[in-house]
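Please consult the model shown here alongside the text.

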Amino acid sequence: MKGVVLAGGLGTRLLPLTRVTNKHLLPVYDRPMILYPLQALLNAGINEVLIVTGGAHAGAFLQLLRDGRELGFAQLSYAYQEGEGGIAAALALAEDFADGGRICVILGDNIVEGSIRPAVGRFRRQRRGGRIIVKEVPDAERFGVAEVRGDRVVSIAEKPKRPRSRYAVTGIYMYDAQVFDVVRTLRPSGRGELEITDVNNWYLRRGELMCEILDGWWTDAGTVGSLHRAGNLVAETGANRLDGPGTRILGAPGRAARKGRG
């Protein structure tokens, strides 16, 4: 399985910080933001990764990461996204890199306390389809929201005004090779973007979307407030801890709640 980190966008919610650098190169505690999703993939046993980025500061990723070997990657590749278009549009640029195989996709501003290795392991054994990771949060309306009944997801809505649950779909997705055919069928939403929620709902309608719950804290770092919170959480507990909380399938008992989002 290969990994994809989506690190494009204009970062307008972090202005004026993002006038001089890409959002994903801003510091979170003691290191650039991009290193957290990259480490999450490495910890899950994925060492071939594509970074999709764009904008005026794309070259800075090469300066920081080079070919990735110092970090432990067997292959670190880059794709350039022209303009905006949504998460699914950025994902489409990974088709050649995926080369017909499975992928684990992480948004470049997502940070977790523990490990996604359990979810990745179960996806490797999954016959086909996709797998998402959700987290119970107090502000679910900011995210895609999964409506859960028992041990299954029944619907996913993108940033609903009245969420049907508190389960936010984190920016961590796993897909088989069908995903690129799905993206080609999408039409822009009212926001003018190709929505990853539409991809997930495609798999859901076919009964091919599995779901995991993330234990421990999770946060994005795409706003001033969440960037500050992410730094504090990392300082307090560390991130990407192999000895920390992991993921579990829906319906399985969870660990005690930890401080942080959700």
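## Packing of α6 and α7

In this predicted model, helix α6 (residues 178–185) packs with helix α7 (residues 196–205) at an angle of about 115 degrees, their axes lying 10 Å apart. Axes are lines fitted to C-alpha atoms, for helices over the stretch in contact, and angles run from 0 to 180 degrees between N-to-C directions. Helices (H or I, at least four residues) and strands (E, at least two) are DSSP runs, numbered from the N terminus. The crossing of α6 and α7 is right-handed; a crossing is right-handed if the near helix is turned clockwise from the far one by less than a right angle, and left-handed if anticlockwise.

On the α6 side, the contact (heavy atoms within 4.5 Å) is made by Gln178, Val179, Val182 and Val183, and on the α7 side by Val199, Trp202 and Tyr203. Six of these residues are nonpolar, one is polar and none is charged. Here Ala, Val, Leu, Ile, Met, Phe, Trp, Tyr, Cys and Pro count as nonpolar, Asp, Glu, Lys and Arg as charged, and the others, Gly among them, as polar.

## Buried residues of α6

Gln178, Val179, Phe180, Val182 and Val183 of α6 are buried, that is, under 20% relative accessible area (1.4 Å probe, protein chains only). These buried residues pack against α3, α4 (95–98), β6 (103–107), β11 and α7.

## Cavity

The structure holds one cavity of 30 Å³ or more. On a 1 Å grid over the protein atoms alone, a cavity is a set of points where a 1.4 Å probe fits but cannot get out, whereas a pocket is an open set with protein on both sides within 12 Å along at least five of seven lines; lining residues have an atom within 4 Å of a point. Grid points are joined across faces, edges and corners, and a volume is the space filled by probe spheres set on the points.

The largest cavity contains about 40 Å³ of space. Its lining comprises seven nonpolar, two polar and no charged residues, and α1 provides the largest share, three residues.

## Largest pocket

The largest pocket contains about 980 Å³ of space. Of its 39 lining residues, Arg13, Lys23, Ile87, Leu107 and Lys159 are the closest to its centre. The lining divides into 12 nonpolar, 16 polar and 11 charged residues, with the largest share, four residues, coming from β11.

## Conventions

Residues are numbered from 1 along each chain as its sequence is written. Local features need pLDDT of at least 70, side-chain atom pairs count only at pLDDT 80 or more, and totals for chains, interfaces and linings use all residues, while side-chain values use heavy atoms, with hydrogens and water left out.

Key: Buried means under 20% relative accessible area, exposed over 50%, partly exposed in between (1.4 Å probe, protein chains only).
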